[in-house]
Amino acid sequence: MLAHGRSARTGWIRDLAVYWRELLFWMLLLPAFGELGSIRPRRQICGLIEACAFLLVAISSTGKLKTLGLEFANWNRVGGRAAAACVVVGLFAGGAIVAVASLSHQPLGAESGWNKAMLAVALGPVLEEVIFRGYLLTAALLLTRHLSASSSAVSAIMGVAVVFSIAHLTTPGTTPLQLCCIVLTGCLYGCIRFRYRSTAAAALAHAAYNLTLYVSCWCGIWH
């Protein structure tokens, strides 16, 4: 009995050692969201520390998250040139949306506060891309696998982009034009995810896009 108990404990420790990256990924990401979203400065600082720790884990774990369901999230490694291309595409898309917002006199929806910027640029893109271009796109591709390869990809990418826009209806003040822009950017992130087979690539483009919106607000280009 004693030997069996020791074996069970050893097995539990071994399992924990195998899954430590996946556990840290979720255990740092979700609490950091809550802390950064708080109105209390101390909690915001804690959230900043957790966010920095999460980014270190997320960057070092690309291509290594293969268990606890994250194998379906496709958090895969992206090469240097591909990463640069994703950032450039995200910046270009952000600039285009800023121009559209300026011409149509629509708000960008960028919230004030450094903590909100941190959420939008560092954490939000990762969580949203893991959910939408990770799990949901993987599921959509499976559901449309009876179609041709190109039709399956297009249908899955567009379908998930629509769901992505619907999820943003919970944001107060969201306009029809903003929803259209969200669908278009959702399709863009889906194409990037499909092209590079990585939600990390889509998250890079998403982060660059959000950064463009915030920089335009900080520089007084638009609000």
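This is a predicted model: local features need pLDDT of at least 70, side-chain atom pairs count only at pLDDT 80 or more; totals for chains, interfaces and linings use all residues.
Local features here need pLDDT of at least 70 and side-chain atom pairs count only at pLDDT 80 or more, while totals for chains, interfaces and linings use all residues. Residues are numbered from 1 along each chain as its sequence is written, and side-chain values use heavy atoms, with hydrogens and water left out.

Let me start with the helix pair. The axes of helix α2 (residues 20–36) and helix α5 (residues 114–143) come within 10 Å and cross at roughly 135°, the axes being lines fitted to C-alpha atoms over the stretch in contact, with angles from 0 to 180 degrees between N-to-C directions; helices are DSSP runs (H or I, at least four residues). On the α2 side the contact (heavy atoms within 4.5 Å) includes Phe25, Trp26 and Leu29, and on the α5 side it includes Trp114, Asn115 and Met118.

Turning to the cores, each a set of buried Ala, Val, Leu, Ile, Met, Phe, Trp, Tyr and Cys residues joined through side-chain atoms within 4.5 Å, where buried means under 20% relative accessible area with a 1.4 Å probe, protein chains only, the largest has 24 residues, of which Ile97, Leu108, Tyr189, Tyr209 and Leu213 touch the most other members. A second, separate core of 22 residues includes Phe25 and Leu29.

Finally, Gln44, found in helix α3 (residues 41–60), is buried, with a relative accessible area of 11%, and, leaving aside neighbours within four places in sequence, Gln44 is in contact with residues including Trp114 and Asn115.

Note on methods. Helices (H or I, at least four residues) and strands (E, at least two) are DSSP runs, numbered from the N terminus. Buried means under 20% relative accessible area, exposed over 50%, partly exposed in between (1.4 Å probe, protein chains only).
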